[in-house]
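Trainee: Could we go through the labels used for this model, and set each value against its definition?

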Amino acid sequence: MSISKNVKTQGFIAKHPEIGVLASFFSIALIFIVRVPDKFLTIPTLYSILTLAGELGVASIGIAFLMITGEFNLSISSVYALVPMGVVLMVNLWGVDMLAASIIMLLVAYGIGVTVGYITIKTGIPSFISSLGMMMFLRGILLAVTGGFPVRLERDHWLTYVLNGPIGDMGLRTSAVWLLVLTAIFAFILDWTPYGNWTYAVGASSNTARELGVSVSKVKLTNFGVSSLLAGLAGLMALSRFRVVDPTLGQGLELETITSAVLGGCLLTGGYGSISGTFLGAFLIAMTRVGLVLAQAPAYWYSAFIGIILIIATVINLFIVKKYVTSG
């Protein structure tokens with residue numbers, strides 16, 4: 001992992017923020033292996049976990065990138081619903097080709113993210129507040145336009161298979177492939193390109209990054225846009241799977257993506273994190289959900305499990321940073 005120039009790391013642990021989520025992953029997996037070995041240790045279960053992790057993981061990648069710069073974008077939960085809703089309305093009402101409608105709405109999603117970033121940077125208000133306001137604004141528009149009722153995609157299109165179609169007959173879907181590919185791409189960008197170093201540098205210390213010649217505003221605006229873009233893409237995956245969009249779709253997604261990123265080693269203060277760790281965080285959340293269903297546990301245990309895992313992972317992350325990562 002590349003680290004910004006103003007951060008010093010010591011040893012293997014500091015260079016791999018995903019250590020914390022790996023510990024949690026094996027612990028939770030062991031519980032389900034002991035509890036329901038005949039159901040949990042199967043290929044269909046693995047495919048179910050990957051499918052469930054697909055949409056969450058894609059959205060989480062963008063949030064991880066943004067969190068490493070020290071910012072948040074809570075509006076992604078509304079963008080997750082807005083993009084597929086816009087696509088359905090354009091396809092059903094105006095006969096727009098689904099591919100064209102999807103490109104238009106993804107551009108809209110990117111613009112929303114940049115707008116949140118611009119408001120944050122220009123006004124100086126915390127991104128938590130600016131993105132929360134945008135989240136509520138967009139959700140209100142969705143409810144007003146639809147009257148609170150879901151809308152169904154009335155036409156089949158090859159794009160729905162590409163985004164989230166079945167692969168074989170064991171439960172695997174193309175969303176899992178998208179997740180793996182995007183994880184590899186963004187992990188490469190973050191760890192092996194100058195832009196990745198700029199992202200780390202901005203999160204670690206904006207002033208130092210600016211002194212090193214990094215355009216802090218451009219990096220933050222780009223990452224705000226990417227977080228919304230990937231949330232919109234995840235929303236299109238959900239549409240492709242269900243063919244229906246509810247105006248409340250994605251409520252709570254903003255917290256689950258932040259959880260995935262934190263589990264994967266991202267700090268709320270920025271400057272540290274991992275895309276591969278974020279992938280594991282999303283996989284862990286999906287595994288917990290599927291495992292609890294297989295174990296026939298009450299639904300409310302899901303939130304309890306995730307809450308405990310989040311606290312433990314955060315403590316581990318902070319310990320690693322304090323012990324192995326120092327500002328220089």
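**Labels and their cut-offs**

Mentor: H4 passes H13 in a right-handed crossing, meaning that the near helix is turned clockwise from the far one by less than a right angle. This is a predicted model, in which local features need pLDDT of at least 70, side-chain atom pairs count only at pLDDT 80 or more, and totals for chains, interfaces and linings use all residues. Residues are numbered from 1 along each chain as its sequence is written, and side-chain values use heavy atoms, without hydrogens and water.

Trainee: Why are H4 and H13 called roughly perpendicular?

Mentor: Helix H4 (residues 43–68) and helix H13 (residues 253–263) pack at about 70°, with axes 8 Å apart. The label covers 65 to 115 degrees, and therefore H4 and H13 are roughly perpendicular.

Trainee: What makes Glu55 and Arg241 a salt bridge?

Mentor: Their side chains meet at 3.0 Å, N to O, and the definition asks for a side-chain nitrogen of Lys or Arg within 4 Å of a carboxyl oxygen of Asp or Glu. Glu55 lies in helix H4 and Arg241 in helix H12 (residues 216–242), 186 residues apart.

Trainee: How do you know whether Glu55 is buried or exposed?

Mentor: Buried means under 20% relative accessible area, exposed over 50%, and partly exposed in between, with a 1.4 Å probe and protein chains only. Glu55 has 6% relative accessibility, so this residue counts as buried, whereas Arg241, at 25%, is partly exposed.

Trainee: And what makes Asp156 exposed?

Mentor: Asp156 has a relative accessible area of 69%, and is therefore exposed; its side chain meets that of Arg243 in a salt bridge of 4.0 Å, N to O.

Notes: Axes are lines fitted to C-alpha atoms, for helices over the stretch in contact, and angles run from 0 to 180 degrees between N-to-C directions. Helices (H or I, at least four residues) and strands (E, at least two) are DSSP runs, numbered from the N terminus. Angles under 35 degrees count as roughly parallel, over 145 as roughly antiparallel, 65 to 115 as roughly perpendicular and the rest as oblique.
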